[in-house]
Amino acid sequence: MRPEIEKTIKQIDTKGWKKVSVEFGRNYLEVFVPPNCVELGMKDVPVLPDPQKAIEEAFLNPISSATLEEIIRKKGKPPGEMSVTIAVSDITRPVPYKGESGILPPLLGRLESSGIKKENIKIIVATGMHRSSTPEEKVEMYGKEVVEQYTILDHDCENNALLESIGKTKRGTHVYVNRDFYFSDLKIATGLVESHFMTGISGGRKSICPGLVDVKTIQRFHGPYYLEDPNATNLILQGNPCHEEALEVAKTVGVDFIVNVNLDKDLRLTRIFAGDLVEAHMKAYEMIKGYAEIPLDKPFDIVLTHGGYVGRDHYQTAKAGVGAIPAVKDGGTIIIAANNRDTIEPIGSPEYKSLIHLLKLQGPDGYLDLLRTSHWRFTKDQWEPEVWGKVLRKVGEEGLIYCTLEILKENYCLLPGVCGLDFLKGKRKKPTLEKAQEMVQKAVLFAVNRYREKGIEPAMAFIREGPYAVPTLQKNK
């Protein structure tokens, strides 16, 4: 622990402080915060009392769509000769695919009861530019029986042999899409609908673009031309270039049916949205906006948040940082608790590691200037450092405190912000919940005292659902 940090922490009297539960992967950290700390939480949404029944009802009564059985009959081809592809999410999304409450078994069962042959069904992992899934991750996501009985393929955005041109979008993007999906007789997209810091919300069209498109389309989709648009943010669809481009691509590809889900903070099913690509997704959007948005009258000095389930690595945890921006004052402090548990790489890809360090060296404006120069060659994962740059513009390097145990101290130097390990004594040991809790607790003490030394009693907020909640600062009327 840095001496100045240890000295600062000892000056804080926590008598009268209250305890909050900070999500940390699949566990929780019990952290004490000042009594005036405001807990920003989404509205409660009841979980489905009978998920199996709800899934069945969603298939029987799809939104603005014929049922799967009717769609299959209208294809004009014997079911036994039809090919089907199902786009699914990878390990970074907690979609309930397997088990008694999973959406894959009933979906596959309906296809086969309609005469579709098991060998004619392909499940394609819509990876976008994420790495391929490991065999273990496939079993974890889709279940052992599905993995053993069905063809499951990872999309590869850089393999031209697997891609087919579908022409240009209105914005001039020449798009190539996964051939297996495009030429399939029946195309089904699945996924999780939650707030998304670029496309407004996830799910729906996003399974196709960026999930199943080529690397150049993903590059353009994740470039400054799109990401720096003020409408490319949480819960905004109208005028959002990322949403509009993705939807145009998905419509061109021709998705026949979607099965999307919504989950509560404990990853339990709250709704199933099955049916038309556009209308079923819009119903999901209306629901998400109704309970995820948290209106704020004013921002706070300190905001405590977490990476949620999605924060498997530093790359994904950008969602939590960006989500906290509206809640924090200029020059304030954001503390992020992140269980970066990805066993392959808790920071991100090799490209991301280089680029996030470039952001640290050049600063957010310098980094963005580089991306916009004519000499810059688009590099995989460049967009996440760009959105981390939005966080740094708001709070600065010293205002971002990043708390994780999975990233080695020697690699922390690559990352912008204050290193959470600086709040712990001794050499790094095997990550434990106790050590993670100590780290986050001391980060809170440090942040509070930093204001008190200036004679300021800081206003603090805790974002209970982390990257899934959407604090929104209300404009003065």
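Reply: In this predicted model, α11 (279-292), α12 (314-324), α14 (383-395) and β20 (470-473) each supply at least two residues of the lining of the largest pocket. The greatest contribution comes from β20, with 4 residues. The lining comprises 24 residues, and P230, T233, N234, I236 and P326 lie nearest the centre of the pocket. By class, the lining residues divide into 13 nonpolar, 4 polar and 7 charged. The volume of this pocket is about 640 Å³.

The largest nonpolar core has 161 residues, and I208, L304 and W388 have the most contacts inside it. Helix α16 (residues 433-452) gives the most to this core, with 10 residues.

Salt bridges number 21 in the whole structure. In one of them R179 pairs with E164, the closest N and O atoms being 2.3 Å apart. Because R179 lies in helix α7 (residues 179-182) and E164 in strand β7 (residues 163-168), the pair ties together parts that are 15 residues apart in sequence. R179 is partly exposed, at 33% relative accessible area, and E164 is also partly exposed, at 22%.

Helix α16 holds another such pair: E438 and K435 meet in a salt bridge at 3.3 Å, N to O, and, being 3 residues apart in that helix, they are separated by about one helical turn. E438 is partly exposed, with a relative accessible area of 24%, and K435 is partly exposed at 29%.

Key
Residues numbered from 1 in each chain as written. Predicted model: local features only at pLDDT ≥ 70, side-chain atom pairs only at ≥ 80, totals over all residues. Heavy atoms only, no water. 1 Å grid on protein atoms, 1.4 Å probe; cavity = no way out; pocket = protein on both sides within 12 Å on 5 of 7 lines; lining within 4 Å. Points joined across faces, edges and corners; volume = space filled by probe spheres on them. Nonpolar A, V, L, I, M, F, W, Y, C, P; charged D, E, K, R; others polar. Core = buried A, V, L, I, M, F, W, Y, C linked by side-chain atoms within 4.5 Å. Buried < 20%, exposed > 50% of the residue type's maximum accessible area, 1.4 Å probe, protein only. Salt bridge = Lys/Arg side-chain N within 4 Å of Asp/Glu carboxyl O.
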